[in-house]
Amino acid sequence: VYAGTAAGEVVTLRLSGTRLAVAGRASVGRGVTALAAAPTGGFVFAALEGGDVVSLGARGKRQAATAVVGRVSPRGAGASALAAHRTGKYVFAAHP
């Protein structure tokens with residue numbers, strides 16, 4: 001499970017018994033407004049306050065988001081939702 005924070009982190013969580021445990025953290029620099037994971041694994045995408053969309057590498061058995069591997073600044077206002085294509089090659093951003 002991935003969660004975005006207002007402090008600009010993407011946190012990877014895993015179920016440990018009956019509790020969620022932090023499996024990894026990645027700093028993205030600004031507040032996260034939307035997240036999407038590539039269905040094929042390997043990448044997590046985050047929309048940020050200010051409009052940027054970043055891609056993070058998801059590594060290891062638990063697919064923990066580890067580090068920013070790409071950043072784009074799409075036109076328009078910041079994205080309010082993201083969706084990854086079933087192949088994981090594309091990410092779609094919805095703007096308000």
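Student: Which residue does aspartate 52 form a salt bridge with?
Tutor: Arginine 71. The closest N and O atoms are 3.4 Å apart. Keep in mind that this is a predicted model.

Student: Where do the two partners sit in the chain?
Tutor: Aspartate 52 is in the loop between strand 5 and strand 6, and arginine 71 is in strand 7. They are 19 residues apart, so the pair links distant parts of the chain.

Student: Is aspartate 52 buried or exposed?
Tutor: Buried, because its relative accessibility is 17% and the cut-off is under 20%. Arginine 71 is partly exposed, at 44%.

Student: How many salt bridges does the structure hold?
Tutor: Two. The other joins arginine 25 and glutamate 9, at 3.1 Å from N to O. Arginine 25 belongs to strand 3 and glutamate 9 to strand 2, 16 residues apart.

Student: And how accessible are arginine 25 and glutamate 9?
Tutor: Both counts come out as partly exposed: 48% for arginine 25 and 24% for glutamate 9.

Student: Switching to strands. What does strand 6 pair with?
Tutor: Strand 5, antiparallel, over five bridges. Strand 7 also runs antiparallel to strand 6, joined by seven bridges.

Student: Which residue stands opposite valine 53?
Tutor: Alanine 47. On the strand 7 side, serine 55 has glycine 70 as its bridge partner.

Student: What about the hairpin of strand 5 and strand 6? How many residues lie between the strands?
Tutor: Four. Glycine 50 takes a positive phi there, near 100°.

Student: Is strand 6 mostly covered or open?
Tutor: Mostly covered. Six of its seven residues, 53-59, are buried.

Student: Which residues make up the largest nonpolar core?
Tutor: Eleven in all, among them Val10, Val44, Ala46, Leu48, Val54, Leu56 and Ala58. Strand 5 and strand 6 each supply at least two residues of this core. A second, separate core has eight residues, including Ala34, Ala36, Ala38 and Leu82.

Student: What is valine 10 in contact with, leaving aside its neighbours within four places in sequence?
Tutor: The list includes Tyr2, Gly24, Val28, Leu35, Ala46 and Leu56.

Student: Last topic, aromatics. How many aromatic pairs are there?
Tutor: One. Phenylalanine 43 and phenylalanine 45 are stacked, 6.4 Å centre to centre, with 20° between the planes.

Student: How covered are those two?
Tutor: Phenylalanine 45 is buried, at 9%. Phenylalanine 43 is partly exposed, at 36%.

Notes:
Residues numbered from 1 in each chain as written. Predicted model: local features only at pLDDT ≥ 70, side-chain atom pairs only at ≥ 80, totals over all residues. Heavy atoms only, no water. Buried < 20%, exposed > 50% of the residue type's maximum accessible area, 1.4 Å probe, protein only. Pairing = 2+ DSSP bridges. Phe/Tyr/Trp six-rings, centres within 6.5 Å; stacked < 30°, edge-to-face > 60°. Core = buried A, V, L, I, M, F, W, Y, C linked by side-chain atoms within 4.5 Å. Contact = heavy atoms within 4.5 Å. Salt bridge = Lys/Arg side-chain N within 4 Å of Asp/Glu carboxyl O.
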